[in-house]
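Trainee: I have a structure to go through before the group meeting. Can you walk me through it?

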Amino acid sequence: MRSGCRSIHVMLMANEYITLLENKHILLAVTGSIAVYKAVDLASKLTQAGAKVDVIMTEAAQHFVTPLSFQAVTGRPVYTDMWQTGGDALPTHIAHVALGESADLLVVAPATANTLAKLAHGLADDLLSVTALAARCPLLVAPAMDGGMYQHPATTANLDTLRARGVHIIEPEVGRFASGLVGKGRLPETVTLIGHIRQVLGRAQALAGRHVVVTAGGTREAIDPVRFITNRSSGKQGYALAQAAVDAGASVTLITTSDLPVPVGVTPVFVASAQEMMESVLHHAAQASALIMAAAVADFRPQTTSAHKIKKKDDTDEAPTIPLSRTPDILMQLKAHRQQSGFPQVVVGFAAESEHLIAHARSKLERKGLDLLVANDITAPDAGFEVDTNRVIILDAHGGQLPLALASKTRVAETIISRVADLLSSTANQ
Ligand code: CTP
């Protein structure tokens, strides 16, 4: 029974809808690399995520994959010919102008060395290169090529030219090529490509130019070199907040104890104990626009950490007693700094409670000097630790409280980030 539920859940997660991509018009241009099969998956995942994906194929790309593959996953016509007119998307204009005018983003993935050279030098001899010149939207390029081609000075110079022009380049990965050689030049996996797409589209959103610090996971307080005290926090809500902040355009520092995959655009800082997390927060949040303390920080730690593994004695049943002491309260420490510097401009805390939810949460918000406090009842089976959903109430410093229905941690994160953006824009307008 349990495993049945799990597989349905995995299927739902695979078709992830991404709010930022909803109705975004993405032009995906594919060129003649063996990696073009991965672009079919990219087109499919972008479409499932809510984007409107129009594919342009070079002639070389069609030697690897047919236009029908892309048409099948996007449900839209595929463009291969510079002189093509008509079709649903192109009622009157010729293709390159119409496509370039309406797109929110042009993605070239995979981009061969030949296409990079054309883009760098402004050549215009096929639909892709002409569209790139006509388009006014951001351009994102994912090079993929074999052997020494990526390292060749000509390719390096072309990439430098594109970067200097503001083009976003996705670094290829190191690995084994179709030729059997090993080197740098492989197209990254779909999840990474979509991460870069989110980062570029986010630049037009409400937190563009802002620095947001998020904490995630449960801290680990060492007893000896092999044992520690921790809690049930997985870090999922913190990672969802970091991704939502990138989608909103922020540069994000994630101070974390967790080893979940780090979203593209997020700078991770890995810590273990409450003390380490506090030092990192005070350093990174000193000039940040916002701090979101989603981490479950331990309140107690062993008074001393044994340098060596504590051994049991064979001749007795006695167990050691481990005296505890209090850890620093990170938000209380930050409050003092904030009173002097005014930074971070917005501070958000979390409260995990098992009784008297609102009363305890309100008292934490006031004591810790927070702008928002996200309260959740950890006794609910579908909310809080380890699960992918959460049911929270957002309290503000003016007595307001907003209960959210049960939602994925992703949706909860988006709501919190949009409240943070509202608070920052009202601070700027004062
Ligand atoms: N927090 C913190 N430093 C600590 C403990 C908690 O900064 N040493 C932060 C958490 O990250 C969270 C908020 O304070 O954003 C509330 O955490 P919570 O564990 O719910 O509350 P506590 O302050 O620990 O109070 P109590 O244990 O009485 O519930």
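The questions below take the domains, the sheets, the helix packing and some backbone details in turn.

Trainee: How far apart are the centres of domain 1 and domain 2?

Mentor: Keep in mind that this is a predicted model. The domain assignment gives domain 1 as 19–201 and domain 2 as 207–309 + 318–428. Their contact takes 7 residues from domain 1 and 7 residues from domain 2. Taken over C-alpha atoms, the separation of the centres is 38 Å.

Trainee: Which are the edge strands of the sheet with parallel pairing?

Mentor: That open sheet has 6 strands, in the order β3-β2-β1-β4-β5-β6. An edge strand pairs on one side only. The edge strands are β3 (78–79) and β6 (168–169).

Trainee: Which residue in β2 is the bridge partner of Ala 29?

Mentor: Start with the strands: β1 covers residues 25–30 and β2 covers residues 52–57. They run parallel, joined by 6 bridges. The bridge partner of Ala 29 is Ile 56.

Trainee: What residue in β21 does Leu 395 stand opposite?

Mentor: Here we move to the open sheet of 8 strands, ordered β13-β12-β9-β14-β17-β18-β20-β21, where the pairing is mixed. Its edge strands are β13 (266–270) and β21 (401–403). Strand β20 (residues 392–396) pairs with β21 in the antiparallel sense over 3 bridges. Opposite Leu 395 stands Gln 401.

Trainee: Are α2 and α8 parallel or oblique to each other?

Mentor: The axes of α2 (residues 36–48) and α8 (residues 190–202) come within 10 Å and cross at roughly 55 degrees. Roughly parallel would need an angle under 35 degrees, and roughly perpendicular takes 65 to 115. The two helices are therefore oblique.

Trainee: How many charged residues are in the contact of α2 with α8?

Mentor: From α2 come Lys 38, Asp 41, Leu 42, Lys 45 and Leu 46, and they meet Thr 190, Leu 193, Ile 194 and Ile 197 of α8. By class, the contact has 5 nonpolar residues and 1 polar residue, and the charged count is 3.

Trainee: Which residues of α9 make the contact with α8?

Mentor: Helix α9 (residues 236–247) packs with α8 at an angle of about 50 degrees, the axes 7 Å apart. By class, this contact has 1 nonpolar, 3 polar and 2 charged residues. α8 supplies Arg 198, Gln 199 and Gly 202; α9 supplies Gln 243, Val 246 and Asp 247.

Trainee: Where does Pro 344 lie?

Mentor: Most peptide bonds are trans. A cis peptide bond joins Ala 109 and Pro 110, with omega about -5 degrees, and Pro 110 lies in strand β4. Phe 343 and Pro 344 are also joined by a cis peptide bond, with omega about -10 degrees. Pro 344 lies in the loop between α11 (330–341) and β17 (346–353).

Trainee: What is phi of Asn 23 near?

Mentor: Asn 23 is in the loop between α1 (2–14) and β1. Most residues other than glycine have a negative phi. Asn 23 has a positive value, near 60 degrees.

Note on methods:
Residues are numbered from 1 along each chain as its sequence is written. This is a predicted model: local features need pLDDT of at least 70, side-chain atom pairs count only at pLDDT 80 or more; totals for chains, interfaces and linings use all residues. Side-chain values use heavy atoms; hydrogens and water are left out. Axes are lines fitted to C-alpha atoms, for helices over the stretch in contact, and angles run from 0 to 180 degrees between N-to-C directions. Helices (H or I, at least four residues) and strands (E, at least two) are DSSP runs, numbered from the N terminus. Angles under 35 degrees count as roughly parallel, over 145 as roughly antiparallel, 65 to 115 as roughly perpendicular and the rest as oblique. Contact means heavy atoms within 4.5 Å. Ala, Val, Leu, Ile, Met, Phe, Trp, Tyr, Cys and Pro count as nonpolar, Asp, Glu, Lys and Arg as charged, and the others, Gly among them, as polar. Two strands pair if DSSP finds at least two bridges between them. Domain bounds come from an automatic or database domain assignment.
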